[in-house]
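Hello,

Here is the structure I promised to pass on. My notes on it follow below.

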Amino acid sequence: MNNPVAEMSSDLAASPAKTTSSTSLYLRHLPLFRGRQDPEFFKIFDVVNALPLDDAHCHLVTDRDAITTPQRYLERISLAGYPFPNYFPAGIYNRWLTGDEATRHDLDKTYGIQAKVDEMTYHLSQSIFIKFLTKELAQFLNCEPTFEAVIEARNDRGRDYWSYVNALFRDVNLENIMLDTGYHESCGRPAIEKFEEAILPCRTHRIARIEEIQRELFSMEISFDEFEGLYFERLLDIMDGTGNLGKKSVGMKSYLLPYIGLIEPLYDRTLAAKSWNAMRKSYAELPFMERQAAFNVSKDLRRYTFTMTLEECLKRDMPMQIHTGDGEAPEVILRNQDPFYLEEVVRFDKDNMMRMPKIIPLHAGYPSVGKAAWLSHLYPNCYFELSIMTPFVHQSLYERYKQVMEAVPLSKILFASDNYHVPELFWLAGRWGKRYLAKALTDYVVGGSLAFDEAIEAARMVLHKNNRAVYNLSDV
């Protein structure tokens, strides 16, 4: 297999780097925009591009990717990179990745690791997403528009990595992020605090995961009553104290949907206790069981803790994010993630009445965008969040944003990136999100659906106002 980045260089070398500091002028020279845009677009874009930005769902960035290689960067930025360790026996890939030359040679001889990695990263390199990213980053980094040149320029900036990360944030005017602390690559509180300090003046507000509490408690040899008491003690500390790694949470998150599919609230302690006992009895075997069978063992226990957590969220007017749509295969079951599987949660019926917890299905339900949009259309307490689709769909965000706005009230659409591993996803989401949101809003202005001022207000709502309202961020 060829080098995964070699074929990209000739394709990208002819692409013009940015020659002006004006993003609007830069866009006028791109083939995608040149001669094809209504003049109204640039009027709208210039205003939208300057607006403050909130990221309603994202993850920690550490300095472990400050210096990288083209191949490693491809793996770290792509969702298809998550399964790499699973293509080899447990622990082998990480030993190869971090080992000395002799260790890598021996493991490669036994498992053919390099050849497999070359093949996987080659395919990643051939995505339009990476080719487009290369052009955009070359413009930001002021280098030749080849992938290798971009990584070299990025590594140069990586010598002062946190200054580089901060520059990315400031370039798209990020003012607030809602940080899911449940995925932190085993780095913990010091790394989170370092990241939060590095991105100032952008403010960080933390979201806690139900599964992090479960991870602490599921391995304990205790009774169900003891588990229940400890669970609620931890939950209340997270919600009302400093239990989210030293800070209070402004919202909760659940990863339950990809585990079990349809989520039906459960209040029955007897069923939950039975599930706890079954889970403890087979705990040592769970990692070796078929995925769905393993999840089924603790299904009722997870439904019960989810339901009790959502009750506490409802008391506090606190949003619940729920992983929906995309998924990090092979750890999740993709077929379980249909947005319509959340309807019973959104309804949250009790005593013959639907209640109104704030539910935020994540990742635009992608690829089931229409279903997620329609769920948000039908239920006033169900919001629509744009991450993963933003930025990975890139140019077609224009059509996707129109699809969303056709159904979802403008007051319920939340901008987000789901940034992980590398900080460029924050920047790309902001850069492309503003660009293609402006393009979609232009259609509504030209078509007469929105006045210019209404389009700008719509952008404000999507980009930051809705996030601040739904999370009750009265201090910003």
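Arg 355 counts as buried, because its relative accessibility is 15% and the cut-off for buried is under 20%. Keep in mind that this is a predicted model.

Arg 355 sits in the loop that runs between helix 18 (343–347) and strand 6 (359–361). Its side chain makes a polar contact with the side chain of Tyr 267, at 2.9 Å. Leaving aside residues up to four places away in sequence, Arg 355 also touches others, including Glu 311, Leu 314, Asp 349 and Asn 381.

Next, the helix pairs. Helix 15 (residues 269–281) and helix 17 (residues 299–316) cross at roughly 130°, and their axes come within 7 Å. Helix 15 and helix 17 are therefore oblique to each other. The crossing is left-handed. On the helix 15 side, the contact is made by Arg 269, Leu 271, Ala 272, Ser 275, Trp 276 and Met 279. Helix 17 brings Lys 299, Asp 300, Leu 301 and Tyr 304. By class, that contact has 6 nonpolar, 1 polar and 3 charged residues.

Helix 19 (residues 369–378) and helix 21 (residues 397–407) pack with their axes 8 Å apart, at an angle of about 25°. Helix 19 and helix 21 are therefore roughly parallel to each other. Their crossing is right-handed. Val 369, Gly 370, Ala 373, Trp 374 and His 377 of helix 19 meet Arg 400, Gln 403, Val 404 and Ala 407 of helix 21. The residues of this contact divide into 5 nonpolar, 3 polar and 1 charged.

Best wishes

Note on methods:
Residues are numbered from 1 along each chain as its sequence is written. This is a predicted model: local features need pLDDT of at least 70, side-chain atom pairs count only at pLDDT 80 or more; totals for chains, interfaces and linings use all residues. Side-chain values use heavy atoms; hydrogens and water are left out. Axes are lines fitted to C-alpha atoms, for helices over the stretch in contact, and angles run from 0 to 180 degrees between N-to-C directions. Helices (H or I, at least four residues) and strands (E, at least two) are DSSP runs, numbered from the N terminus. Angles under 35 degrees count as roughly parallel, over 145 as roughly antiparallel, 65 to 115 as roughly perpendicular and the rest as oblique. A crossing is left-handed if the near helix is turned anticlockwise from the far one by less than a right angle, and right-handed if clockwise. Contact means heavy atoms within 4.5 Å. Ala, Val, Leu, Ile, Met, Phe, Trp, Tyr, Cys and Pro count as nonpolar, Asp, Glu, Lys and Arg as charged, and the others, Gly among them, as polar. Buried means under 20% relative accessible area, exposed over 50%, partly exposed in between (1.4 Å probe, protein chains only). A polar contact is a pair of N or O atoms within 3.5 Å; within protein, one must be able to donate a hydrogen and the other to accept it, and residues adjacent in sequence count only if both atoms are side-chain atoms.
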